[in-house]
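Please open the structure and keep it in view as you go.

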Amino acid sequence: LIHDNNYSSIKRVKRIASLPTSYTDLYATLGTLSPESELTAVCFVCGQVLDASGKGECTMHSQACGAGCGIFFLLQDCVCIAIHKEYAAYIPSPYVDSHGETPQYRGRPLNMDHSRYEALHELWSGHTLREHVIAERTKSMKSLMISPSFY
């Protein structure tokens, strides 16, 4: 994972090979990389760690990293956000409990659901992020309220 506010030159300073299986392990790792962030985001494309607490870092990063497209995991909310230019939509977390759910409260151990993780990779590699964001925004009022400049 990378934490660097200079978007023009993405540095490979702090990086893990892939997301850990355990959400608890991911939380512990990111906590040491970005302890001052109230809402930490991880770019699924390059692994950069960003502050998603309303400063527009994810939106700016998606411009530099993905030509306006990006998928980010919001650590404290345990949810993903997909950004396509000026639009954004939520995507379910790849981390689930033993019942296959992402609980809204803390306490249950969460682990990687590999089919959800693969779906995120397919969304990116299949170049269907734009279509997904548009579809999610039309069916969910919650997604319609997301401003990508917030993240």
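Predicted model: local features only at pLDDT ≥ 70, side-chain atom pairs only at ≥ 80, totals over all residues.

**Exercise 1. Find which residues of helix α1 are buried, and work out why they lie on the same side.**

Solution. 
- Step 1: Go to residues 23-33, which make up helix α1.
- Step 2: Pick out the residues with under 20% relative accessible area, the cut-off for buried. In α1 these are Tyr23, Leu26, Leu30 and Leu33.
- Step 3: Look at how these residues are placed around the axis. They cover an arc of only 85 degrees, so they sit on the same side of α1.
- Step 4: Now turn to the other side of α1, where Thr24 and Thr32 are exposed.

**Exercise 2. Identify the residue that caps the N-terminal end of α1.**

Solution. 
- Step 1: Start from the backbone nitrogen of Thr24 and look for a side-chain oxygen 3.2 Å away.
- Step 2: That oxygen belongs to Ser22, so Ser22 is the cap at the N-terminal end of α1.

**Exercise 3. Say how many salt bridges the whole structure has, then describe the one formed by Lys55.**

Solution. 
- Step 1: Searching the whole structure gives 3 salt bridges.
- Step 2: The partner of Lys55 is Asp51, and their closest N and O atoms are 3.2 Å apart. The cut-off for a salt bridge is 4 Å, so this pair qualifies.
- Step 3: Compare the surroundings of the two partners. Lys55 has a relative accessible area of 55% and is exposed, whereas Asp51, at 9%, is buried.

**Exercise 4. Trace the salt bridges of Arg108 and name the residues joined into one network.**

Solution. 
- Step 1: Begin with Asp97, which forms a salt bridge with Arg108; the closest N and O atoms are 2.6 Å apart.
- Step 2: Asp97 and Arg108 are 11 residues apart, and both are in the loop between β7 (95-96) and β8 (111-112).
- Step 3: Check accessibility for each residue. Asp97 is buried at 6%, Arg108 is partly exposed at 33%, and Glu101 is partly exposed at 46%.

Notes
Residues numbered from 1 in each chain as written. Heavy atoms only, no water. Buried < 20%, exposed > 50% of the residue type's maximum accessible area, 1.4 Å probe, protein only. Helix = DSSP H or I, 4+ residues; strand = E, 2+ residues; numbered from the N terminus. Arc of directions from axis to C-beta. Polar contact = N/O pair within 3.5 Å; in protein donor to acceptor, adjacent residues only side chain to side chain. Salt bridge = Lys/Arg side-chain N within 4 Å of Asp/Glu carboxyl O.
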